[in-house]
Amino acid sequence: MPQIGRFLVTLGVFLVIIGGLVMVLGVLPRFPGDIYVQRKGFTLYVPILGSLLLSIVLTILLNLFFARR
């Protein structure tokens with residue numbers, strides 16, 4: 001159980017940092033592979049490349065934290 005607690009605290013700190021950056025910068029970063037459509041009264045944002053990069057980074061980090069030796 002201590003591993004889950006440590007992970008949740010780390011995730012919380014990470015989310016606070018990301019939230020602070022979004023508040024300061026005002027926007028989320030857009031990558032070239034993301035879909036962004038803006039029309040009158042309608043905005044669609046699908047972060048395909050951003051989601052893929054986040055998935056890869058989180059997979060690597062979780063494998064490092066929870067690697068069985």
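Mentor: Accessible areas come from the Shrake-Rupley method with a 1.4 Å probe, and for residues only the protein chains shown count as cover. By that method the protein exposes about 6300 Å², and carbon and sulfur atoms supply 73% of it. This is a predicted model, in which local features need pLDDT of at least 70, side-chain atom pairs count only at pLDDT 80 or more, and totals for chains, interfaces and linings use all residues. Residues are numbered from 1 along each chain as its sequence is written, and side-chain values use heavy atoms, with hydrogens and water left out.

Trainee: What makes up the secondary structure of the protein?

Mentor: Two helices and two strands, in the order α-β-β-α from the N terminus on. Those are DSSP runs numbered from the N terminus: helices are H or I with at least four residues, strands are E with at least two.

Trainee: How does the radius of gyration of the protein sit against a compact globule of 69 residues?

Mentor: The globule would come out near 11 Å, but the protein has 16 Å. The radius is taken over C-alpha atoms, and the globule rule is 2.2 Å times the number of residues to the power 0.38. The C-alpha atoms fill a box of roughly 55 × 25 × 15 Å along the principal axes.

Trainee: Why is Gly 5 called partly exposed?

Mentor: Buried means under 20% relative accessible area, exposed over 50%, and partly exposed in between (1.4 Å probe, protein chains only). Gly 5 has 31%, so partly exposed it is. Gly 5 belongs to helix α1, and its C-alpha is 33 Å from that of Asp 34, 29 residues apart in sequence.

Trainee: And why does Gln 3 count as partly exposed?

Mentor: Because its relative accessibility is 47%. Gln 3 is in helix α1 too, and its C-alpha lies 16 Å from that of Thr 59, 56 residues apart in sequence.

Trainee: Why is Leu 49 partly exposed?

Mentor: Its relative accessible area is 27%, so that is the class it gets. Leu 49 sits in helix α2, with 8.9 Å between its C-alpha and that of Arg 30, 19 residues apart along the chain. Across the whole protein, 3% of the 69 residues count as buried.

Trainee: What lines the largest pocket?

Mentor: There are 25 lining residues, with Phe 14, Ile 18, Pro 29, Gly 50 and Leu 54 nearest the centre. The elements giving two or more residues to that lining are α1 (2-25) and α2 (48-65). A pocket, on a 1 Å grid over the protein atoms alone, is an open set of points where a 1.4 Å probe fits, with protein on both sides within 12 Å along at least five of seven lines; lining residues have an atom within 4 Å of a point.

Trainee: What volume does the largest pocket have?

Mentor: About 700 Å³, meaning the space filled by probe spheres set on the points, which are joined across faces, edges and corners.

Trainee: How do the residues of the lining divide?

Mentor: Into 21 nonpolar, three polar and one charged. Here Ala, Val, Leu, Ile, Met, Phe, Trp, Tyr, Cys and Pro count as nonpolar, Asp, Glu, Lys and Arg as charged, and the others, Gly among them, as polar.
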